[in-house]
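Here is a walk through one protein model, taken from its charged pairs to its nonpolar surface. Keep the structure open and follow along.

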Amino acid sequence: MAAMSLLQRASITALAALPGRRLGTRLGFGGFLTRGFPKTAAPVRHSGDHGKRLFIIKPSGFYDKRFLTLLKFYILLTGVPVAIGITLINVFIGEAELAEIPEGYIPEHWEYFKHPISRWIARTFFDCPEKNYERTMSVLQIEAEKADLRLKELEVRRLMRMRGDGPWYQYPTIDKALVDSSPKATPDN
C-alpha cells in the first residue's frame, strides 16, 4: 500500500516534468496509474507525527476478558464466604484438646481428629476404619475363594485328561435297536 502511494507520486512528478505535452497518453501509459494529469498532487496525510497508522488484525480480547472477569467473580463468590466461615470456626470453636477418655466410653472415629472442620469431613463423608477393614477383608476372602476354585478346576481338568473320564461319559447313549432304519415312503414317517 505504501509502495503503491510512492509509485503513484513518482509517476505523477515524472510526467509533470514533461513540457506541457500529453506525452504519457500517446505512449499508452497515461491511464496506468492516473487518469490523465491531476491538477495538484495531494500529499499523503498521516494522523499525527507517529508515522503511517496500520490496521493490524489481531484476535479479539473480549472473550478472554469476559472469562477472567467471570472467573474472578465466582472465585470471590465462593471464596469470601468460605474464608469467613473458616475464620469464625478457628476463632470461636478452635482445635480440640487432648483429654482422658472416661471409663466405658468408646470414641467415634471422627473424634480422633484435632480440627473441627476435619472432624466434620470425617463424620460426613468418610466411613469408619472398622467398616473399611471389614469391606477389604470381604474382598480378600472372595478373591481367595476364587483362586481356590481356579486351582481345583485346573486339578479336575488334569485328572480328567489323565484318566480319560470327562463329562462326555456321563450322558446315556440311545440304544441302536430303537432306531428305525427301514425305507420310508415320506420323510415324516
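Start with exposure: buried means under 20% relative accessible area, exposed over 50%, and partly exposed in between (1.4 Å probe, protein chains only). By that scale D127 is partly exposed, at 33% relative accessibility. Some ground rules apply. This is a predicted model, in which local features need pLDDT of at least 70 and side-chain atom pairs count only at pLDDT 80 or more, while totals for chains, interfaces and linings use all residues. Residues are numbered from 1 along each chain as its sequence is written, and side-chain values use heavy atoms, with hydrogens and water left out.

Now the charged pairs. Side chains of opposite charge can pair when their charged atoms come close. A salt bridge here is a side-chain nitrogen of Lys or Arg within 4 Å of a carboxyl oxygen of Asp or Glu. The count by this rule is 8 salt bridges. One of them links D127 to K131, with the closest N and O atoms 3.8 Å apart. K131 is partly exposed, with a relative accessible area of 44%.

Move on to E143 and K146. Their salt bridge has its closest N and O atoms 3.6 Å apart. Both residues lie in helix α5 (residues 129-163), 3 residues apart, about one turn of the helix. Helices are DSSP runs (H or I, at least four residues), numbered from the N terminus. E143 is partly exposed at 39% relative accessibility, and K146 is partly exposed at 39%.

Next, look at K184 and D180. They form a salt bridge whose closest N and O atoms are 3.4 Å apart. K184 is partly exposed at 36%. D180 is exposed, at 52%. Elsewhere, salt bridges that share partners join D127, K131 and R135 into one network.

Is H109 buried or exposed? H109 counts as buried, because its relative accessibility is 18%. H109 sits in the loop between α3 and α4 (116-125). Its side chain reaches the backbone oxygen of A122 at 3.3 Å. Contact means heavy atoms within 4.5 Å. Leaving out residues up to four places away in sequence, H109 touches A122, F126, D127, C128 and P129.

Finish on the surface. L76, V80, I84, L88, V91, F92 and I93 form a nonpolar patch. Together they have about 730 Å² of accessible area, computed by the Shrake-Rupley method with a 1.4 Å probe, only the protein chains shown counting as cover. Patch residues have over 30% relative accessible area and no salt bridge, and nonpolar side chains (Val, Leu, Ile, Met, Phe, Trp, Tyr) are joined within 5 Å, like charges within 9 Å. L76 lies in helix α3 (residues 62-93).

How values were computed. Helix = DSSP H or I, 4+ residues; strand = E, 2+ residues; numbered from the N terminus. Polar contact = N/O pair within 3.5 Å; in protein donor to acceptor, adjacent residues only side chain to side chain.
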